[in-house]
Amino acid sequence: MASRYDRAITVFSPDGHLFQVEYAQEAVKKGSTVVGIRGTNIVVLGVEKKSVAKLQDERTVRKICALDDHVCMAFAGLTADARVIINRAQVECQSHKLTVEDSVTIEYITRFIATLKQKYTQSNGRRPFGISALIVGFDDDGIPRLYQTDPSGTYHAWKANAIGRSAKTVREFLEKNYSEDAVSNDSEAIKLAIRALLEVVQSGGKNIELAIIRRNQPLKAFTNPSLCGYLEVLRSLHRPIFSDFAIRRNT
Amino acid sequence: MAATFFGEVVKTPCRAGAEDDDDEEEEERRREALEDREVRRQLARKREVRLLRRQTKTALEVSLLEKYPCSKFIIAIGNNAVAFLSSFVMNSGVWEEVGCAKLWNEWCRTMDAVHMCPTEAYCVFYHLKSNPSVFLCQCSCYVAEDQQYQWLEKVFGSCPKKNMQVTVLTCRHVTDYKTSESTGSLPSPFLRALKTQSFKDPACCSLLEQPNIVHDLPAAVLSYCQVWQIPAILYLCYTDVMKLDLLTAEAFKPVLSSRSLKGLAKDIAHSSETLKKLTTAHEVQSNIYT
């Protein structure tokens, strides 16, 4: 049945599916894993970096991008689609600031991105964007936010979430290990993000990139050497937890 | 003869009966049929599955399993299954290549740079030197529908022995898995098993639920084994990444505890490292998805 209704974005199937939107969700799964955690005083984005070709400039392969000084986004899916959305969101952030003299709220920019994505699910001749995004930041009221958008144009707030490859495994890990107490401490929130990623990142810490925003502070990106300290602590303290979860996941 | 409005000269049909010109037409039809037949014959010859000896690369006169009696036959179909067996099984013992099945079809897209023609694909057969009745087949190419029966005949023969056990490993995209759940909620990669009636051992994972079906060469092998009452089991890994991928290849690990593969994989840690290197080496640098 799918083959009769999956060619045009503007056609519903008899059972109410928009197959092109659902297929776009599959494109998201081809991107590497992204995890987002909302702490009490910090928001963390962790990504699995894909390996870069030998002659490629690593700086041009980025999964985490700043939309404004106080909000950043990580995506999984089609690189080119992400570039278009990020450009539009960055322009919207500046336009908003110039027009109303206030920075965008996290919810506003998330709604903007989600509305843009939804438009592309309702026009003929255009396909949906093949990316999901995690958007984090602090509003002026000092409250940390984490939102997720997907190709259908929906958006929701989360305490912690994952997108991309093996997102389900990471989400299960977060459901078991996330608690308000666990993320009340900045360092513990960062460790939780790293532990969640290590569940699915095979090559260990060298392929992980982190970005954090603390209240009233700009975005800070963690390069690999900075992560080493966290990884060493995790290896020494949390090895039984890794093995136990991995065993339970594989049975 | 008659002229049409457009200036063409066409032969008008004659209702009076056969004319002398009909002999020429008949000759032309026969010539065309001969040409068609020749083209079809050449195409069939091109699509023939040939089983070749390892050393001499000459064709085997009998089927592979008639020439080499076998008690365990493990077949890996697809690049992830092949990578898994290469890392975990072939690395743990000394395997000798005994032959290969050579075939061509439209799926063989790579070109031979020297001769500028599509290269042929191979399925390679090995046996364990310490126990020559243990056979392994690595098939990374696509075997087309019309070639599957030939492949089975050339490998198993027309009257296979029932005292062997066949294990097939392959992958399929998770979107082919029919379930009432959304594919987003499935824990891919995951394993499912399908076995023949005469296979009595327990499977290492859940059995494949209805209405899911198996396709291509794995289905042909399983059907063949079911007809000939050969104990056979297929382990099908549903994954969302069809290219060579570490997570997908590692999803076959539970199969190592099965009777067929028990004892064949020795150093798991070292094998995992080998698999990592294999998947990294073959990683195609694609910037489409990030």
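Predicted model: local features only at pLDDT ≥ 70, side-chain atom pairs only at ≥ 80, totals over all residues.
**Exercise 1. A salt bridge within a helix**

Solution: 
- Step 1. Buried would need under 20%, exposed over 50%.
- Step 2. Take the partner. E107(A) has a relative accessible area of 25%. E107(A) is partly exposed too.
- Step 3. Check the distance. The cut-off for a salt bridge is 4 Å.

**Exercise 2. Salt bridges in chain B**

Task: Describe the salt bridges R192(B)–E209(B) and E250(B)–K253(B), with the accessibility of each partner.

Solution: 
- Step 1. Start with R192(B) and E209(B). Their closest N and O atoms are 3.1 Å apart.
- Step 2. Locate them. R192(B) is in strand β11 of chain B, while E209(B) is in the loop between β11 and α5 (216-227). The two are 17 residues apart, and the pair links distant parts of the chain.
- Step 3. Classify them. R192(B) is buried at 15% relative accessibility. E209(B) is partly exposed, at 31%.
- Step 4. Turn to E250(B) and K253(B). Here the N to O distance is 3.7 Å.
- Step 5. Classify again. E250(B) is buried at 16%. K253(B) is partly exposed at 30%.
- Step 6. Look for shared partners. In chain A, salt bridges join D139(A), D141(A) and R145(A) into one network.
- Step 7. The whole structure has 20 salt bridges over all chains.

**Exercise 3. The interface**

Task: How many residues does each chain bring to the contact, and how many salt bridges cross the interface of chain A and chain B?

Solution: 
- Step 1. Count residues. Chain A contributes 22 and chain B contributes 25.
- Step 2. Give the area. About 2000 Å² is buried between chain A and chain B. Carbon and sulfur atoms give 47% of that area.
- Step 3. Count the bridges. Two salt bridges cross the interface.
- Step 4. Take a salt bridge between the chains. D240(B) pairs with R165(A), with the closest N and O atoms 3.2 Å apart.

**Exercise 4. Aromatic pairs**

Task: How many aromatic pairs are there over all chains, and what ties F84(B) to F252(B)?

Solution: 
- Step 1. The count over all chains is 15 aromatic pairs.
- Step 2. F84(B) and F252(B) form one such pair, with 5.6 Å between centres and 40 degrees between planes.
- Step 3. Locate the rings. F84(B) is in helix α3 (79-88) of chain B. F252(B) is in the loop between α6 (246-250) and α7 (268-281). The pair therefore ties together parts 168 residues apart in sequence.
- Step 4. Classify. F84(B) is buried at 0% relative accessibility. F252(B) is buried, also at 0%.
- Step 5. Take another tilted pair. The ring centres of Y177(B) and Y238(B) are 4.8 Å apart, and the planes meet at 55 degrees.
- Step 6. Locate this pair. Y177(B) is in the loop between β10 (165-173) and β11 (190-195), and Y238(B) is in strand β12 (232-239). The parts they tie together are 61 residues apart. Both residues are buried.
- Step 7. Look for a cluster. Ring pairs link Y68(B), F73(B), F125(B), F135(B), W151(B), F156(B), Y224(B) and W228(B).

**Exercise 5. Charges over rings**

Task: Which rings lie under the charged ends of K63(A) and K46(B)?

Solution: 
- Step 1. For K63(A) it is the ring of F75(A), with the charged end 5.6 Å from the ring centre.
- Step 2. For K46(B) it is the ring of W104(B), at 4.1 Å from the centre.

**Exercise 6. Cysteines**

Task: How many disulfides does the rule find over all chains, and how far is C65(A) from the nearest cysteine sulfur?

Solution: 
- Step 1. The count is zero.
- Step 2. C65(A) is in no disulfide. Its nearest cysteine sulfur belongs to C72(A), 8.7 Å away. C65(A) is buried at 17% relative accessibility.
- Step 3. For C137(B), the closest cysteine sulfur is that of C123(B), at 5.0 Å. That is too far for a bond, because the cut-off is 2.5 Å. C137(B) is buried at 0% relative accessibility.

Methods. Residues numbered from 1 in each chain as written. Chains lettered and ligands numbered in written order. Heavy atoms only, no water. Phe/Tyr/Trp six-rings, centres within 6.5 Å; stacked < 30°, edge-to-face > 60°. Helix = DSSP H or I, 4+ residues; strand = E, 2+ residues; numbered from the N terminus. Buried < 20%, exposed > 50% of the residue type's maximum accessible area, 1.4 Å probe, protein only. Lys NZ or Arg CZ within 6 Å of the ring centre and 35° of its normal. Contact = heavy atoms within 4.5 Å. Buried area = accessible area lost by both parts, 1.4 Å probe. Salt bridge = Lys/Arg side-chain N within 4 Å of Asp/Glu carboxyl O.
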